[in-house]
Amino acid sequence: MANMVSNQRQFLRPLLYPGNPAGSVSTAHGLNSSASLVPRSGPYGTMNMASPDVEKRPLVVMKEELIPRSVKQARTRRVLLSLLWLFASLFVTGFALHSLGIPSCPRSDVHEQLSPVTFTANGTDGHQVEGVDTPELATLVLLKSQLKARRIQSSVTTSSAAAEKTVLRNFEVAPPVLMPYGPADSDGTTPIPAGSTQYACTVLLMRHDFAFSYGVPYIGDYTPPSCKFNRVVMNFTVVSEGRQYDRLALMYLGDTEVWRTSTAEPVAPPGIRWEYLKDMTEYLSLWQQKQKIIFDLGNLVNDKYTGIFNATLTATFFYSDVATNAAPPSDLIIPISARQSANNAVSQFTLPTQNATNTISNFPLNARRAVFCVSANGQGNEEFWWSNVLQSDTNAFSDTVGELPGYSPFREVQVLIDGQLAGVYWPFPVIFTGGVVPSLHRPIAGIEAFDLKEHEIDITPWLAVLTDGKPHEFTIRIAGINDTASSSSSSSGHDAVLTDHVNESWYVTGKIFIWTDRDNSIGSNNNNNNNKLPTIDGLTPLITLSSIRTPPATGNSSTPESITYTTSVKRSLRVHSPFGTWTQTLSYTNKGLVSAHGYNQFNDMFISGSESSSSSTSGGGGGGYETSYTFPLLANSSYSVSSQGNLSIWGHLIQGKTVSVSGQMTFPDYDTVALNGDGESSKYKESRLETKKEGEAWYEQSGDGKNSTGSGDSKQVFSFGGVEAKGGRGEELYFRDVEARAGKVVRDVKRLGGKDVVVAGYEEVGAAVTAGGDDDAGVFGGVPVGGGGGGGGDGVKRGGAMRVFLGRNRF
């Protein structure tokens, strides 16, 4: 395989299962329950693997019950071989001593003088992800020879721990959240001090097994708890086992989407587990009322894709007077969605097939601040939108890998009010746990994989229009770039223009957070405002494209050897009225290379932006804010399919994110509230987040899909801090440096408030990488491959290297 390995020592390690024992699965921090939830099932009933009563089924995975028979037999064989080896060693040693005339050691000294050799499954070569070089050419002969050597090592392992398997614990690195007992890690690993939850209460929102759940979301009724609260934190805990795609999940309170997440890809028994704490305080006005909970996690199971997601969702309600940087929760939230909760259905819009538009007729006349928040991510051919090619190049490799997704690697989420552009969002490139190469994301999930962030656009400058008592349309649109549109102004006859649609599919919803004024009504003064539209500058972005095709080495083919393309977009948008100003300054670059007739792909993308909001209104929630961010991404991947259908994949991924925030933003995602301490006002005026995750991985699968193997290494450094004076020097509040090799955490350094945190819960356990079918698939064995089972073979066209594992929408 071309570009397979950049450092021969970095890969080909037996994959081990890190994670807590199955019995360590917890729920919702053990808080007191003082509220009720009535689960209601869809037309297929509440799915459950083992028990007819889903509420009584524990989440504890019983190891002995779930270990396959082949693993137990292998364990027995290893024990017998170990005993035979020990007796043989004693016999040979005694015979040698007798031949030399040396008296035998007393029986009590045997164990002191003999040092049994234990062959470890880890190998001896060290690996440092830090400083990974650009991948160089390596042959599959080298790859397979090292793999064979590793299999020999595993076969003679005498360590009894190697036969034991525990649940693989997946996690995403994120800032801590404020709990009743103080700051807590978002992955749920922070110990709970005794007696710290006596003034809090917890509500079980959902316990459900998602199996045949496409179009059948979980439906439940929420009743507010009786305890006093001004903060809400959810805990989402999932266990799964078997083989399955990663799945997208959306949670609604009524018609309003309140959270978007995705799943880890499960592994062979005893399976995988992850936990995520999510601050939901911004939806306080919804939590204070009865709600219909709709949780959509579409999944399907069959004889090959067996993974069922056993999910538990709780919410912790408590009161805290800790100062916060974020705006106080809004007084009202208006959903912009398909509004299907009355039919027990999901309310997402699917673009481009649907028109994501709502007409709002009841916008409050006394609104003094309004923020539109949009949630959007691509699926299907748009999951890896950042690796798409220019529209003019989509058929360049149709004879080898098939048609490539087009409309460029640039996407813009647009928010329109009455057909006028109110703001844009250049989305963060979320890579799900099955993306590029699945072993890149175990056990460290990608940035935002478990918590897809929303983006906010301040629409306060539109209040004079919105409070005129008339209906107004709110629309969400996804734009790409078309370089094949006819143009009379261009010398080539084509212009690069923004489109009003892209490929299938984007899932989008929106909502409007509104803060109201009891003493004043903007709508009552509309005669003075003259219903004047705000001034909008920067409606047209600056787009620069280039594409160069390298002809094939021989003249017998029309398929180019490679395509080198670049995409550059810049936009400065300003929306201004007497009520406020919203500004956005954005820059995007993407340098792409598709080579080896479409089987290799490289993308180097960088997004940067700065946004600010100022308002002439006063009072809590009426202040402005500023934010700046960068989203760097470098992805290099290749795949090949032999004539027998054997599949080989390699990937190197570097992804980062930096965010700085000052002022009153709507969401608490970057709030320092967990670490502000006591005081009437926040200690920090600005928060800063910076993280970088890097990994390299490979995967192989036989043509019949019955045998597969793979491994990967990754590391992530994460820093979150506060700044007391805007623009000043930051103070570290949370730090984490974690590294995993072959699926096992080998280093995990944490600091909270400048103090070291003892890391626990990632025990070293053993399991072979090599997969011999579904019964003993290993951590990376048997992961789903887009387009069905097997490697494919015979010219299978997958649409490029990035899309080999694409498949969550292909059932």
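The model is a predicted one, in which local features need pLDDT of at least 70 and side-chain atom pairs count only at pLDDT 80 or more, whereas totals for chains, interfaces and linings use all residues. Residues are numbered from 1 along each chain as its sequence is written, and side-chain values use heavy atoms, with hydrogens and water left out.

Histidine 472 belongs to strand β20 (residues 472-479), where strands (E, at least two residues) and helices (H or I, at least four residues) are DSSP runs numbered from the N terminus. With a relative accessibility of 5%, histidine 472 counts as buried, because buried means under 20% relative accessible area, exposed over 50%, and partly exposed in between, for a 1.4 Å probe and protein chains only. Apart from residues up to four places away in sequence, histidine 472 touches Asn358, Thr359, Ile360, Asp418, Val465 and Leu466, contact being defined as heavy atoms within 4.5 Å.

Valine 757, located in strand β35 (residues 755-757), is partly exposed, with a relative accessible area of 32%. When neighbours within four places in sequence are left aside, valine 757 is in contact with Lys750, Arg751 and Leu752. Between valine 757 and phenylalanine 735 there are 9.7 Å from C-alpha to C-alpha, the two being 22 residues apart in sequence.

An open sheet with mixed pairing is formed by five strands in the order β2-β10-β7-β12-β5, two strands being paired if DSSP finds at least two bridges between them. Because β2 (168-170) and β5 (201-210) stand at the edges with a single partner strand each, one side of each is left without a neighbour in the sheet. Within this sheet, strand β7 (residues 231-240) and strand β10 (residues 272-279) run antiparallel and are joined by eight bridges, with valine 238 standing opposite tryptophan 274 in β10.

Antiparallel pairing is also found between strand β26 (residues 562-577) and strand β27 (residues 580-595), over 15 bridges, and a hairpin of two residues joins β26 to β27. Arginine 574 has threonine 583 in β27 as its bridge partner. Strand β27 is in turn joined by 16 bridges to strand β28 (residues 600-615), the two running antiparallel, and glutamine 584 has glutamate 611 in β28 as its bridge partner. The hairpin of β27 and β28 has four residues between the strands, and in this hairpin alanine 596 takes a positive phi near 55 degrees.

Seven cavities of 30 Å³ or more were counted, a cavity being a set of points, on a 1 Å grid over the protein atoms alone, where a 1.4 Å probe fits but cannot get out, with lining residues having an atom within 4 Å of a point. The largest cavity has a volume of about 250 Å³, and of the 18 residues that line this cavity, Lys453, Glu454, His455, Met665 and Tyr670 are the closest to its centre. At least two lining residues of the largest cavity are supplied by each of β19 (455-458), β29 (625-641) and β30 (647-663), and β29 gives the most, with four residues.

Methods:
1 Å grid on protein atoms, 1.4 Å probe; cavity = no way out; pocket = protein on both sides within 12 Å on 5 of 7 lines; lining within 4 Å. Points joined across faces, edges and corners; volume = space filled by probe spheres on them.
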